[in-house]
2 protein chains.
Amino acid sequence: MSIVTIERKVLEKNDAVAAENRARFAARRLFVVNIVSSPGAGKTSLLERTLETLKGRLRVAVIEGDVQTDLDAQRVARYGVPVVQIVTNGACHLEARLVQDALDRIDLDDLDVLVIENVGNLVCPANYDLGEAMKIVVLSTTEGDDKPLKYPAMFRNASVLVINKMDLVPYVPCDIAAIRRHALQINPNLIIFETSCTTLAGIRSWCDWLSSQAAHVHA
Amino acid sequence: MSIVTIERKVLEKNDAVAAENRARFAARRLFVVNIVSSPGAGKTSLLERTLETLKGRLRVAVIEGDVQTDLDAQRVARYGVPVVQIVTNGACHLEARLVQDALDRIDLDDLDVLVIENVGNLVCPANYDLGEAMKIVVLSTTEGDDKPLKYPAMFRNASVLVINKMDLVPYVPCDIAAIRRHALQINPNLIIFETSCTTLAGIRSWCDWLSSQAAHVHA
């Protein structure tokens with residue numbers, strides 16, 4: 001049995017579990033997003049600003065995926081939301097089964113939005129469906145404007161691109177128009193936000209959109 | 001046959017080819033480094049500044065690994081050095097066999113240093129030996145000081161840590177002392193450089209070290 005066959009089998013099995021997760025979310029009209037990015041692009045910071053902004057407006061729970069440590073879960077727990085940490089112990093992405101196990105530790109009936117923060121990796125998580133409604137890819141301005149071309153699968157499979165760390169634009173050689181052009185070249189349907197977790201620029205617009213999506217699923 | 005068994009077999013096969021590469025490098029007293037980092041940490045920029053600085057001092061060739069595009073090879077080729085692009089077509093890391101194939105396109109007898117720039121990924125390339133003398137991990141100050149703890153395998157398997165984008169320290173919530181402390185906690189033997197490819201701070205020190213290593217292998 002070739003390695004490629006094994007990989008396809010792994011993905012097929014993952015997709016089957018993801019479909020179970022998706023059915024469970026649909027039955028509860030729960031809006032679920034899978035946030036992906038390189039390490040350090042600002043997934044957790046974006047989540048912190050989002051939880052602050054949406055406090056009292058939406059009931060949110062979080063699943064944190066990390067190779068090691070529960071540092072991110074500790075950060076998120078400060079905002080008083082339910083959070084479950086998945087430590088992958090070296091694995092480079094979350095799989096649907098890990099999320100399924102984590103779901104047993106969250107009261108899904110009492111939620112509007114479930115945020116899954118994936119392992120920091122712009123390659124591997126692109127291929128693993130977790131049952132989410134959509135993938136949100138976060139790209140920081142410090143990473144350079146060529147990244148959508150160099151890591152196309154993630155931008156192809158995401159529905160939303162958040163360009164984060166906009167406050168650093170004056171200090172880095174990054175052309176925001178080029179990011180947008182390259183990302184839309186890979187995926188013309190991408191919805192794009194520009195945010196800064198330091199100045200809070202763009203955070204309200206992103207949160208309003210997230211709320212409207214959750215309301216749409218709930219309706 | 002379990003997936004874990006397959007993965008071990010893949011790694012064992014890779015290690016065998018890496019050993020062949022290593023023997024080939026040793027026979028030519030060629031110093032070979034494998035540069036790894038998250039996407040956008042500045043591997044290619046560091047390489048560009050290094051090629052500029054070492055021009056006329058050392059004979060360098062480059063193997064560029066990317067998921068897609070030959071953008072990095074185009075950047076490096078401007079410095080007049082031999083460069084071979086490996087496009088992994090979606091794969092998240094370089095493997096020894098891909099490097100072995102690329103070696104056929106480089107005149108190894110006419111070189112002091114071979115630089116292999118890996119795919120931007122702080123997880124998967126940690127486990128794949130390419131036959132290099134050492135892994136150099138580049139971490140940018142914008143990624144945050146918790147990364148050595150969150151992605152320990154890469155810092156454990158590297159011999160050198162280059163903390164890049166030092167020019168951005170005034171604008172980001174990053175504690176350099178904490179990066180050093182966390183990295184040395186994972187790997188007490190790490191040699192650490194602090195660089196900026198914009199201001200050129202630390203570049204000479206890094207290049208001097210690289211030259212001395214190459215001379216050592218050559219001696």
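This note sets out points on the interface, selected residues and salt bridges of a predicted model.

1. Relation of the two chains. Superposing chain B on chain A takes a turn of 180° and a shift of 0.0 Å along the axis, and leaves an RMSD of 0.0 Å. That is the relation of a two-fold axis. The copies meet through the same surface, because 100% of the interface residues of chain B are also interface residues in chain A.

2. Extent of the interface. On chain B, 35 residues are in contact with 35 residues of chain A. About 2600 Å² is buried between the two chains, and carbon and sulfur atoms give 66% of this area. P39(B), K150(B) and Y171(B) supply 22% of the area that chain B buries against chain A, more than any other three residues.

3. Polar and charged pairs across the interface. Between chain B and chain A there are 4 salt bridges, and 9 residue pairs are in polar contact, with both residues at pLDDT 80 or more. The elements of chain B that give two or more residues to the side touching chain A are α1 (3–27), α3 (71–77) and α5 (147–150). By residue class, that side of chain B divides into 18 nonpolar, 8 polar and 9 charged.

4. Lysine 150 in both chains. K150(B) forms a salt bridge with D66(A), and their closest N and O atoms are 3.4 Å apart. This pair joins two chains, because D66(A) lies in strand β2 (residues 60–66) of chain A and K150(B) in helix α5 of chain B. Both D66(A) and K150(B) are buried. K150(A), for its part, meets D72(B) in a salt bridge between side chains, at 2.6 Å from N to O.

5. P170(B) as a contrasting position. P170(B) is placed in the loop between β6 (160–164) and α7 (176–186) of chain B.

6. Salt bridges within helices of chain B. Over all chains the structure holds 30 salt bridges. One of them pairs E52(B) with R49(B), the closest N and O atoms being 3.2 Å apart. About one helical turn separates E52(B) and R49(B), because they are 3 residues apart in helix α2 (residues 43–54) of chain B. E52(B) is partly exposed at 41% relative accessible area, while R49(B) is buried at 14%.

7. The side chains of D101(B) and R97(B) meet in a salt bridge of 3.7 Å, N to O. Both residues lie in helix α4 (residues 96–103) of chain B, 4 residues apart, or about one turn of the helix. D101(B) is partly exposed, with a relative accessible area of 41%, and R97(B) is partly exposed, with 43%. In chain A, R59(A), D110(A) and D112(A) are joined into one network by salt bridges that share partners.

Terms used
Residues numbered from 1 in each chain as written. Chains lettered and ligands numbered in written order. Predicted model: local features only at pLDDT ≥ 70, side-chain atom pairs only at ≥ 80, totals over all residues. Heavy atoms only, no water. Contact = heavy atoms within 4.5 Å. Buried area = accessible area lost by both parts, 1.4 Å probe. Polar contact = N/O pair within 3.5 Å; in protein donor to acceptor, adjacent residues only side chain to side chain. Nonpolar A, V, L, I, M, F, W, Y, C, P; charged D, E, K, R; others polar. Least-squares fit on C-alpha atoms with pLDDT ≥ 70 in both. Buried < 20%, exposed > 50% of the residue type's maximum accessible area, 1.4 Å probe, protein only.
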